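Have the viewer open while you go through them.

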Amino acid sequence: MAAQNLQSVPAEPTGQAPASAATTEADAAGQAHFDRVIAEDSRIEPKDWMPAAYRKTLLRQISQHAHSEIIGMQPEANWITRAPSLKRKSILMAKVQDEAGHGLYLYSAAETLGQTRDKMMDDLIAGKARYSSIFNYPALSWADMGAIGWLVDGAAICNQVPLCRASYGPYGRAMVRICKEESFHQRQGFEILLELSNGTEAQKQMAQDAVNRWYAPALMMFGPPDDDSPNSKQSMAWNIKRFSNDELRSRFVGMMVEQVKVLGLTLPDDQVRYNEDTKKWEHGPLDWHEFQEVLAGRGPCNAQRLERRREAHDDGAWVREAAAAYAAKQLNKQKEYAA
Amino acid sequence: MSTPPTTGHGDISTGVAGGDSNASATRITPGNALRPEDIALEVRTGLAKPSADAAEYALRLGDDALILAQRLGHWISRAPELEEDIALGNIALDQLGHARSFLTYAGAGMPKEDGTPQSEDDLAYFRREHEFRSVQLFEQPNGDFAATIARQFVVSYYQYELYRRLTESTDATLAAIAAKAVKEVDYHRDHSTQWVLRLAGGTEESRKRMIHGLRTMWPYVAELFRDDELTERLAQAGAAVAPSSLKEDFDRLTGEVLAEAELEVPDVPAAPGGGRGGKHSEHLGYLLAEMQVLAREHPGASW
């Protein structure tokens, strides 16, 4: 799970950093190589020269994506112990575990840009780093496991598939694996909703209620409208981002419109329509004020999610210290043995 | 039943073939894994039909694994490191897989009033506390990470010795489930051993907690090795393992790890136990209340 259209891509004029940095010959050569790679739509690797702003943008995006995976474990972990069948419990556990795995790949990809996982984790816990707003909504019923899989993972896939071609090699490669697992998760979510929709009246109602609650937040996962997304342009020029927020959102709506029919449910939006002129799907207005509020920390679960992460981190401190101390002692023993 | 030599898992043959289509991509599952669905199919087609005794025995092992999976599942998203979210999640998934297989098989020998087998979910979600047959160790609260590791340490060595022998069962289904489980439990053994060594040899704090964790769990160790009429009958027939027969290897192998960690076998009085007869600690009721709540709100629903 996870979303990437994280809204804190740098506010400073990112494109200009290299100009001032390229004062030495090595920088000039590096910039030339970088420009060529981007023009050829090829890949930048960790040891290649890259503009400081490119590094910073990527580091933020990848670490925020990693944080989203980790925080995103919580709403689903909320139902592991109450899953209504053993098979569903097993699938849900595997899914949440996959998310921890995604977090790991992404933190590793971010580390290749020169930041440690510890530092990223500290920033998250200190409330300095962002993660996808969607996880600040509560998972209130079992059907939310379906809606999160279908809508939230579905939106994440629309965002993430183009990221497999992101210009930064480690990120693109991590995304290939993540996307495979996400599409698995989305199918599982769809299946949960389908089963509920074909179940008892109470189950069907539970499914519709979950779709009603997750639809708009899922649409907002693509980020603000294009007119209001100033940093997207630079990310697109750097071949990190491939399609605009509105473009991806429109595609997603088109997919959901068909799938919701199969589910026998409805989308809580009577303004969804295909615009023949623009050849794009359109949807009703979204509450961008709410989006900004959640982003600013005033969402239903912001405090709860961070507190839970902080608690796990603090409770585990003695374990990590013990593991480090033990490893150091073992290393000393080996050295003594060698000497 | 006979006791095969301790030779790791190289000599164990899997009884039933079939891929694990529920596996996640992060998860590594041994090939030819036996799935609960395979057993359900065998039950439906009459290929697998446990005796009343074998069903009761499968229920015991299934309940152990189910209760532990439920406990471990709580750690996911709360572990000290991401790697441990994944590791504890893996162990929980393995235990849940074993539980589903054992319970599916047990249900075949415990038909409903209309004569059809009880499903794994009938058994997991619609039995009451005193109808669970797990021993009390498995329901002990997670405590801190050291307590969870202490419980894992005991469980994984116990289950390894049990499943290793059960692969030789005259009951083909029990043997097949054990053949899959023993490979996975071998990894659980490695995981818990590494952590016992790390926590005991890490910092003063971690050592103190490890000792405390072991002392907390140890009163419930004796119950694991208690024979009763059921296991005696089944062991006689070569279908099950006499719990008492596992104790020597368990003591020796856990003793070796504890010695390496410079820890002593906890000197604490054994609790009376009684889980196999439906007597549980105060903890199980809460665990079941949480696990069963949703399924019971919608009886007869399918998920």
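This is a predicted model: local features need pLDDT of at least 70, side-chain atom pairs count only at pLDDT 80 or more; totals for chains, interfaces and linings use all residues.

1. The lining of the largest pocket splits into eleven nonpolar, eight polar and nine charged residues. Nonpolar covers Ala, Val, Leu, Ile, Met, Phe, Trp, Tyr, Cys and Pro, charged is Asp, Glu, Lys and Arg, and polar is the others, Gly among them.

2. That pocket holds about 610 Å³ of space. Closest to its centre, out of 28 lining residues, are A:Ser85, B:Ser119, B:Glu120, B:Asp121 and B:Asp122. A pocket here is an open set of points on a 1 Å grid over the protein atoms alone, where a 1.4 Å probe fits, with protein on both sides within 12 Å along at least five of seven lines; lining residues have an atom within 4 Å of a point.

3. Which elements give two or more residues to the lining? They are helix H4 (86-111) of chain A plus H1 (36-44), H3 (82-108) and H4 (120-125) of chain B. H1(B) gives the most, with five residues.

4. Chain B has eleven helices and zero strands (DSSP runs: helices H or I of at least four residues, strands E of at least two, numbered from the N terminus). Of its 303 residues, 60% are buried, meaning under 20% relative accessible area with a 1.4 Å probe, protein chains only.

5. Residues are numbered from 1 along each chain as written, chains are lettered from A and ligands numbered from 1 in written order, and side-chain values use heavy atoms, without hydrogens and water.

Conventions
Buried means under 20% relative accessible area, exposed over 50%, partly exposed in between (1.4 Å probe, protein chains only). Grid points are joined across faces, edges and corners, and a volume is the space filled by probe spheres set on the points.
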